[in-house]
There are 2 protein chains.
Amino acid sequence: MATLVVHEQNPSPVEDAEILRKACKGWGTDEKTIISVLGHRNAYQRKLIRQAYEELFQEDFIKQLESELSGEFEKAVYRWILDPADRDAVLANVALKSTTPDFRLLIEIACVHSPDELLAVKRAYFSRYKRSLEEDVASQTRGDLRKLLFALTSTYKYDGKEINKNLAALEAQVLHELIKEEAFSHEEVIRILGTRSKAQLVATFNCFKDQQNISITKSVVGDPDDAFLEALRVATRCIYAPQKYFAKVLRNAINKLGTDEEALTRVIVTRAEKDLKDIKQLYYKRTSVSLDHAVANDTSGNYQALLLTLLGSEDH
Amino acid sequence: MATLVVHEQNPSPVEDAEILRKACKGWGTDEKTIISVLGHRNAYQRKLIRQAYEELFQEDFIKQLESELSGEFEKAVYRWILDPADRDAVLANVALKSTTPDFRLLIEIACVHSPDELLAVKRAYFSRYKRSLEEDVASQTRGDLRKLLFALTSTYKYDGKEINKNLAALEAQVLHELIKEEAFSHEEVIRILGTRSKAQLVATFNCFKDQQNISITKSVVGDPDDAFLEALRVATRCIYAPQKYFAKVLRNAINKLGTDEEALTRVIVTRAEKDLKDIKQLYYKRTSVSLDHAVANDTSGNYQALLLTLLGSEDH
């Protein structure tokens, strides 16, 4: 379940645009108003506000915001205001262009999204960058990591619930044999993870656990700094238990000496309209601290206020 | 340009369905009528006829046809009557399940189709087989051939016209170096062919020709029975000059001792609504024999009559 709180009665997109214009153009920017409006509108409503703003004031609302805001708050607002597919395209491009690329985001997009959501990200990527997501993934990576990331991001997977139980048992066995031999990057591992449907892979991972008494993720052990192994673990987690995976990303982002704002913002912004409530519960179950409390402790100012609003924090 | 002749004035789909019902249910099947109706209707009209037939008679028109017709004629009618994307899904599945798979069709679908046409084939594949095209490609192939076919069929390529000339020159050089070293299945060859857009690849192949005075296709030489090399040549031809490629497939299908009806039907049925007129011109240019004449010489009966109708043969 989502955490985003959208009120039943809202101003019209034109009224919202006018309120936001005033908040941007007044004596100093009124961030509170920006948060109170945008932090309670869903993706479709935000889109209508952007359109209304552009029609009314002949200015791009996003550019306007960029010129008014700064720091982590600006980044979070920018990510929140974009269409989800477009936001993922931007985040993927940032990840790919970085000198020390963080591929977790790409794996999240490929493995947590439905095939049609992934397709929407690819289309948004075309329209922004005039290239395909796959060609940038393939040209920015090398070797085994390329093979895995390319397979995960390129395949248009079957989205149905039909699974083949015998195949699941067979491929669980294949995966176990290869993992036991530490042939983690064997083409069969990549083929199975990269092309089988989510439902089929969940069945396969269940068989793996039944057969071996250990989850596939925990079986992938080796050099903790090996980027391929880490990508493999992230992929299996994102397929098998995405909420648990995101709760873990949040724990790591918050537990660090110095918060990892990049990851914190990413998870809250991308999951607030989807399953952040479930992620919050898992976070609490594991840490005995509410996520709202942890975020409030680790952040401050407008950035904190926006995150708490998206977290649906009632006492905020 | 297409060869299919669709008259301006046609009976309604309901009238067509009634005419076809009579042709199927009369004293012996009236194949001439079936050809004269279906051979002059475009994909959308054929779809409406199928729907009207089912509504009127509570029977699946395709099953009805299968029970009435036989041999190469039946196969050709069956392929012609299906929606283009659905037909490609069926043909791809037949190719993948065969004990001696012919991968040319898969490469044609991946490299000649637009990205959105390929996507439509993938969706049709889901709905027929409850699996993705990519997972069947990956599980039915091995080694280098798998890598190439998987990359070609999985990527959702950028479909725009924008190209990067410097990149084309650079990657033409990369391709030349690898081909010179006979590293045909090097991951960079597969990355470039599998992920770059059609427009970008055409630019790259043009640079290759300018730099080396020989086309990339002609540079891929080696064991003529090597399936990977053949797939690589088919891919470059399908990307660079699809009509010329299809004209060659037809020459091979007709010139054989014993016609290759599989290939002959495939090219005529799949291109009749697209560019078969151009393919006919290229065929004539190369052989000094009209394709209609060659087909008339090599085939007979209702099969011949249907192919000639789809070829827009006027004297038929």
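**How the copies meet**

A: The copies meet through the same surface, because 100% of the interface residues of chain B are also interface residues in chain A. This is a predicted model, where local features need pLDDT of at least 70, side-chain atom pairs count only at pLDDT 80 or more, and totals for chains, interfaces and linings use all residues. Residues are numbered from 1 along each chain as its sequence is written, chains are lettered from A and ligands numbered from 1 in the order in which they are written, and side-chain values use heavy atoms, leaving out hydrogens and water.

Q: Switching to the fold. How many helices and strands are there in chain A?
A: Chain A has 20 helices and zero strands. Those are DSSP runs, numbered from the N terminus: H or I of at least four residues for helices, E of at least two for strands.

Q: What share of chain A is buried?
A: Buried residues make up 54% of its 316 residues. Buried means under 20% relative accessible area, exposed over 50%, and partly exposed in between, with a 1.4 Å probe and protein chains only.

Q: Which residues touch the most other members of the largest nonpolar core?
A: A:Leu38 and B:Leu38, in a core of 202 residues. A nonpolar core is a set of buried Ala, Val, Leu, Ile, Met, Phe, Trp, Tyr and Cys residues joined through side-chain atoms within 4.5 Å.

Q: And what does B:Leu38 touch?
A: Leaving out residues up to four places away in sequence, its contacts include B:Phe61, B:Trp80 and B:Arg46. Contact means heavy atoms within 4.5 Å.

Q: How many disulfides over all chains?
A: Zero, from a search of the whole structure. The cut-off is a pair of cysteine sulfur atoms within 2.5 Å. B:Cys207, for one, is in no disulfide. Its nearest cysteine sulfur belongs to B:Cys111, 19 Å away.

Q: Is A:Cys24 buried or exposed?
A: A:Cys24 is buried, at a relative accessible area of 3%.
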